[in-house]
Amino acid sequence: MHRSGATMAWNVFKFCTALRGLGSIMILLVLGVVGVTYYAVVLTNYGPALYAGGLDFLSAFAVLILFHSLLVMLLWSYFSVVFTDAGSVPPNWKPAVDEERGEVDPLVGSDFNNVVPSDPSNQHIRFCRKCNQLKPPRCHHCSVCGRCVLKMDHHCVWVVNCVGALNYKYFLLFLFYTFLETTLVTASLLPQFLAFFSDGEIPVTPGSLATTFLAFVLNLAFALSVMGFLIMHISLVAANTTTIEAYEKKTSPKWRYDLGRRKNFEQVFGMDKRYWFIPCYSEEDIRRMPALQGLEYPSKPDFDSQ
């Protein structure tokens with residue numbers, strides 16, 4: 001039994017190490033897909049159509065404007081996720097209140113003294129044995145990053161980063177703009193894709209035709225997969241929960257952080273509507289909403305009174 005457990009731990013360690021090793025490879029893969037798509041849409045099909053005049057010019061112009069606008073937002077959101085830390089536990093962090101019980105009275109020193117790595121009996125104050133530190137509410141340890149992450153949702157290999165409190169909004173916007181962009185590309189390349197199977201003569205080089213075919217297939221696949229992922233995360237935002245929390249609380253119908261759809265949405269996107277669809281927050285939202293910092297989260301009044 002001990003040997004089996006050790007083997008499993010070793011396999012998990014190698015898996016986490018492999019994920020770390022992907023690193024820039026995944027970023028290059030994403031940029032590669034963007035490059036193939038750009039070549040097919042702009043350089044091969046709709047760029048040359050700008051010189052045709054008439055309705056061809058108008059349709060090509062509209063497609064290119066939408067394509068470039070969505071591409072800018074997609075890349076902005078993507079690199080915001082990649083380069084924004086998901087949220088780390090501040091050094092020597094201690095809770096001011098008992099978040100697990102919802103009590104408003106300050107915790108006494110004995111509560112902290114009773115929390116030791118070898119004693120999991122204290123369920124009110126969470127402790128990470130791997131990091132050897134207290135864990136804020138909704139915080140989880142990431143085996144890939146090797147640290148605790150505030151309001152961790154998951155570790156995403158596509159962004160080579162954890163998705164947590166400080167970059168979850170950026171991740172959702174990345175999904176949103178990726179879905180819109182891939183859907184646009186799929187629709188705009190559909191006539192060329194169908195022409196590939198026709199008997200008529202196609203006025204492009206074999207290389208351009210192959211690139212168009214590849215771009216269509218890739219964008220269709222991404223549009224369908226991202227759509228399902230986006231729907232799942234919309235439901236999570238509506239319930240003010242994360243992927244990890246949804247799994248942990250699947251047997252409990254009540255959730256202390258479910259404040260209603262409007263407030264749940266604001267817990268992720270902020271209250272300033274001008275910033276809802278761009279990967280950043282207003283200074284006022286950051287100042288007045290502690291939840292955006294990942295350490296304090298408002299809960300239902302009925303939970304606070306329990």
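Student: What should I know before reading the values?

Tutor: The model is predicted, so local features need pLDDT of at least 70 and side-chain atom pairs count only at pLDDT 80 or more, while totals for chains, interfaces and linings use all residues. Residues are numbered from 1 along each chain as its sequence is written, and side-chain values use heavy atoms, with hydrogens and water left out.

Student: How many salt bridges are there?

Tutor: A salt bridge is a side-chain nitrogen of Lys or Arg within 4 Å of a carboxyl oxygen of Asp or Glu. By that rule there are six. One of them joins E245 to R138, with the closest N and O atoms 2.8 Å apart. That pair links distant parts of the chain, 107 residues apart: E245 is in helix α7 (residues 243-248), and R138 is in the loop between β2 (133-134) and β3 (140-142). Helices (H or I, at least four residues) and strands (E, at least two) are DSSP runs, numbered from the N terminus.

Student: Are E245 and R138 buried or exposed?

Tutor: Buried means under 20% relative accessible area, exposed over 50%, and partly exposed in between, with a 1.4 Å probe and protein chains only. Both E245 and R138 are buried.

Student: Which residue forms a salt bridge with E266?

Tutor: R262 does, and the closest N and O atoms are 3.1 Å apart. Both residues lie in helix α8, four residues apart, about one turn of the helix. E266 counts as buried because its relative accessibility is 11%, whereas R262, at 49%, counts as partly exposed.

Student: What do the buried residues of α8 pack against?

Tutor: They pack against α5 (168-195) and α6 (206-238). The buried residues of α8 are N264, E266, Q267, V268 and F269.

Student: Where is S282?

Tutor: S282 is in the loop between α8 (261-269) and α9 (283-288). Its relative accessible area is 5%, so S282 is buried. Contact means heavy atoms within 4.5 Å; leaving aside neighbours within four places in sequence, S282 is in contact with D272 and Y275. D272 also forms a salt bridge with R274, the closest N and O atoms being 2.8 Å apart.

Student: Where does UniProt place the feature "transmembrane region"?

Tutor: UniProt positions use the numbering here, feature names are shortened, and annotations may be inferred rather than shown by experiment. The unreviewed entry places the feature at residues 21-41, 61-84, 170-193 and 213-239. Residues 170-193 are 100% helix and 0% strand, with end C-alpha atoms 32 Å apart.
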